[in-house]
Amino acid sequence: MATMLFDIGQIQDRAKGRKPMYYCLDNKSTKYLRLALSAHETIMGVLTPQAFETITAKEVKASVQAYLAFDDSGKKELLKKIALSGYGAKNEKPEAALELLAEAWFEQKTAQGTTDKQRETMLHEKAVILDFFSSLGLRTTSDLKPDTAHKFLSWRSETNYNNRQTRISASTMKHNLQVLKQMAKVAARNGWLQNASIWDDVEVKTIAGVNTKVVEPLSVELQRRILEFLRNTRNELHDSILFLLLTGIRVGELDSIAPESIRGSAIILHGEAVGRIKPVSGKTAAAARTLPVCPTIAEIFRRGHIFKTSADNIKLFMKRYAFSRQFPGIHPHRLRHTFAVNKLLSQSATLQMVSYQLGHSDISTTANLYGKFVPEHFKAGFEEAIKERRELVEWLENLYFL
């Protein structure tokens, strides 16, 4: 690690693996010299091992002075040029600082089009990966090995960014691992990594009740009890939860619901994108869909309470307070599953229509999740269960506010 002689403004670098280097800076301000020392270490961090033998003190000094003169975007561009140039490295693949790789990934993702919320999520995902690199002492792309992804899963399972959460969910682990895999592909495209699929075989094992929630559809009786309880709470919470039960949309999609979402007798969700065009506010192209409006949904929109709350408020309400004490284990995604089972068991919608309304990209996803609830899969004697769901759906969609 380099040191600074503040009295004469000289940087001395005698770190292991580098040839000794000394140079003096013109500006003798203590603050400037401290920044220069930090800049020196940053620049040395993106150099290849061969560059340590060929680069001169004069070249490093010029790079440090240029780095300090640039704004943040200029600094990133300078480091990128240094990393790509190789500074005399021959017959060796170039490497880059992992901070540079993370920034390249972020720039690529944001260039594809993002909302403010998606940008905030990606910034957090980028920070998680950089924290992991730092914790293992990984500095450049040459430090990335086949077992790095496995080490990441071990590290992430013990690193909690949410004090209220007792364990890291499989969903979160999968998202973070996907970012790491995407970074490998970015590194390969830039020539910093030889194998873009180095971690493609690494997966997160999902274990119900351990790292993923046990999601079961609500019984008819429980649905009625919950709605009766909600009638005595704030109207916006009641109407939003009822709306989730009626439409099967993801709780996060509530934030995209507005008065103008209803057009005629349909709800336009995430715009009117079709085919493979992914809407900016949706997860996939299939997220852009048109949902039918029943009398109960029309009344919810007329009341207007649903526009006064957010997805985060709903999740917090169902996780805490009197609701969680009265109905433990009930979370928003169970409403989505319940919607699907209500529609399939009541025979009021086909599997294909339910798949479309849920926004699944592939009908096999719907079949795998809910196929066991399709009436023809039941043995004789389940007619009463089917009748019960049919009556419930009729009440929910047409008679609820009467």
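Visitor: At what angle do helix 1 and helix 3 pack, and how far apart are their axes?
Guide: This is a predicted model. In it, helix 1 (residues 30-45) packs on helix 3 (residues 57-69) at about 115 degrees, and the axes are 9 Å apart.

Visitor: Why is helix 1 called roughly perpendicular to helix 3?
Guide: The class of roughly perpendicular takes angles from 65 to 115 degrees. The angle here is about 115 degrees. Helix 1 is therefore roughly perpendicular to helix 3. Their crossing is right-handed.

Visitor: Which residues make the contact between helix 1 and helix 3?
Guide: Helix 1 brings Tyr32, Leu35, Ala36, Ala39, His40, Thr42, Ile43 and Met44. Helix 3 answers with Val60, Ser63, Val64, Gln65, Tyr67 and Leu68.

Visitor: Why is Gly9 called buried?
Guide: Buried means under 20% relative accessible area. Gly9 has 0%, so Gly9 is buried. Leaving out residues up to four places away in sequence, Gly9 touches Met4, Tyr23, Cys24, Leu25, Lys28 and Leu33.

Visitor: What makes Lys181 count as buried?
Guide: The cut-off is under 20%. Lys181 has 9% relative accessibility, so Lys181 counts as buried. Lys181 lies in helix 8 (residues 170-189).

Visitor: Which residues does Lys181 touch, beyond those up to four places away in sequence?
Guide: Lys181 touches Trp199, Asp200, Val202 and Glu203.

Visitor: How do you know that the buried residues of helix 9 lie on the same side?
Guide: Start with the list. In helix 9 (residues 220-230), the buried residues are Val220, Leu222, Gln223, Ile226, Leu227 and Leu230. Around the axis they span an arc of only 165 degrees, so they fall on the same side of helix 9.

Visitor: What covers the buried residues of helix 9?
Guide: The cover includes helix 10 (235-247), helix 12 (311-319), helix 13 (321-326), helix 14 (332-345) and helix 17 (383-399).

Visitor: Take helix 12. Which of its residues are buried, and what puts them on the same side?
Guide: Ala311, Ile314, Phe317 and Met318 are buried in helix 12. Their arc around the axis is only 130 degrees, which puts them on the same side of helix 12. These buried residues pack against helix 9, helix 10, helix 13 and helix 14. Just after helix 12, Tyr321 has a positive phi of about 65 degrees.

Visitor: Arg234 is in the loop between helix 9 and helix 10. Why is Arg234 called partly exposed?
Guide: Buried is under 20% and exposed is over 50%, with partly exposed in between. Arg234 has 48% relative accessibility, so Arg234 counts as partly exposed. The C-alpha atom of Arg234 is 9.0 Å from that of His305, although the two residues are 71 apart along the chain.

Visitor: Why are helix 14 and helix 15 called roughly antiparallel?
Guide: Roughly antiparallel needs an angle over 145 degrees. The axes of helix 14 and helix 15 (residues 351-358) cross at roughly 155 degrees and come within 10 Å. Helix 14 and helix 15 are therefore roughly antiparallel. The crossing is right-handed.

Visitor: Which residues of helix 14 and helix 15 meet?
Guide: From helix 14 come Arg336, Phe339, Ala340, Lys343 and Leu344. From helix 15 come Leu351, Val354, Gln357 and Leu358.

Visitor: Gln347 is in the loop between helix 14 and helix 15. What is the phi of Gln347?
Guide: Phi is near 60 degrees, a positive value in a residue other than glycine.

How values were computed: Residues are numbered from 1 along each chain as its sequence is written. This is a predicted model: local features need pLDDT of at least 70, side-chain atom pairs count only at pLDDT 80 or more; totals for chains, interfaces and linings use all residues. Side-chain values use heavy atoms; hydrogens and water are left out. Buried means under 20% relative accessible area, exposed over 50%, partly exposed in between (1.4 Å probe, protein chains only). Helices (H or I, at least four residues) and strands (E, at least two) are DSSP runs, numbered from the N terminus. The arc is that of the directions from the helix axis to the C-beta atoms. Contact means heavy atoms within 4.5 Å. Axes are lines fitted to C-alpha atoms, for helices over the stretch in contact, and angles run from 0 to 180 degrees between N-to-C directions. Angles under 35 degrees count as roughly parallel, over 145 as roughly antiparallel, 65 to 115 as roughly perpendicular and the rest as oblique. A crossing is left-handed if the near helix is turned anticlockwise from the far one by less than a right angle, and right-handed if clockwise.
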